[in-house]
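Here is a short report on one protein model. Read it with the sequence and the structure side by side.

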Amino acid sequence: EIAQCLVGSEMCIRDRIGATWAETLKGGALACVNIAEERLAGIQVGAVNLSGKGGFQLGFFNNCDDDAKFQLGLININKNGWLPFMVFVNFGSDTFK
């Protein structure tokens, strides 16, 4: 089925790859790529998760510009978090105070 999709139409490929984008995300987002530009007040679950500040991220690559509360993934970047870079698990700066 995937081979037919690749030969047929690139629209079929785009239909299988999801992405979410919001300035501020409240609640949850489930897609291959999740972006919350300014603030994440909820959870992102996907292969790649990007947020400006806060929230929970579960995926292969997680990046937060300002203190995500919790990250679980292969690569976690949390610039103002407990550690700026961590493999597998990373926490927010208030976790161990």
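## Surface and overall build

The protein has an accessible surface of about 6000 Å², and carbon and sulfur atoms hold 65% of it. Accessible areas come from the Shrake-Rupley method with a 1.4 Å probe; for residues, only the protein chains shown count as cover. The model is predicted: local features need pLDDT of at least 70, side-chain atom pairs count only at pLDDT 80 or more, and totals for chains, interfaces and linings use all residues. Residues are numbered from 1 along each chain as its sequence is written, and side-chain values use heavy atoms, with hydrogens and water left out.

The secondary structure consists of 2 helices and 7 strands. Read from the N terminus, the order is α-α-β-β-β-β-β-β-β. Helices (H or I, at least four residues) and strands (E, at least two) are DSSP runs, numbered from the N terminus. The protein has 97 residues, and 31% of them count as buried. Buried means under 20% relative accessible area, exposed means over 50%, and partly exposed lies in between (1.4 Å probe, protein chains only). Take the contacts with a separation of 6 or more: residues 24 or more positions apart account for 2% of them. A contact means heavy atoms within 4.5 Å.

## A buried asparagine

N34 sits in strand β2, which covers residues 33-45. Is N34 buried or exposed? N34 counts as buried, because its relative accessibility is 0%.

The N34 side chain has polar partners. Leaving out residues up to four places away in sequence, N34 touches T20, A29, Q44, V45, G46, V48, N49 and L50.

## Parallel strand pairing

L50 also belongs to the pairing picture: L50 stands opposite N63 in β5. Strands β3 (residues 48-53) and β5 (residues 61-66) run parallel and are joined by 5 bridges. Two strands pair if DSSP finds at least two bridges between them.

β5 also pairs with β6, again in the parallel sense, over 4 bridges. There N63 stands opposite I77 in β6.

## The nonpolar patch

Which residues form the nonpolar patch on the surface? They are F60, L74, I75, F85, V87 and F88, with about 610 Å² of accessible area together. Patches are made of residues with over 30% relative accessible area and no salt bridge; like charges are joined within 9 Å, nonpolar side chains (Val, Leu, Ile, Met, Phe, Trp, Tyr) within 5 Å. A salt bridge is a side-chain nitrogen of Lys or Arg within 4 Å of a carboxyl oxygen of Asp or Glu.

β6 (70-78) and β7 (85-91) each supply at least two residues of the patch. β7 gives the most, with 3 residues. F85 lies in β7 and is partly exposed, because its relative accessible area is 47%.

Most residues other than glycine have a negative phi. F88, in strand β7, has a positive phi near 75 degrees. F88 counts as exposed, because its relative accessibility is 53%.

D67 lies in the loop between β5 and β6. D67 is not a glycine, yet its phi is positive, at about 65 degrees. D67 counts as buried, because its relative accessibility is 18%.
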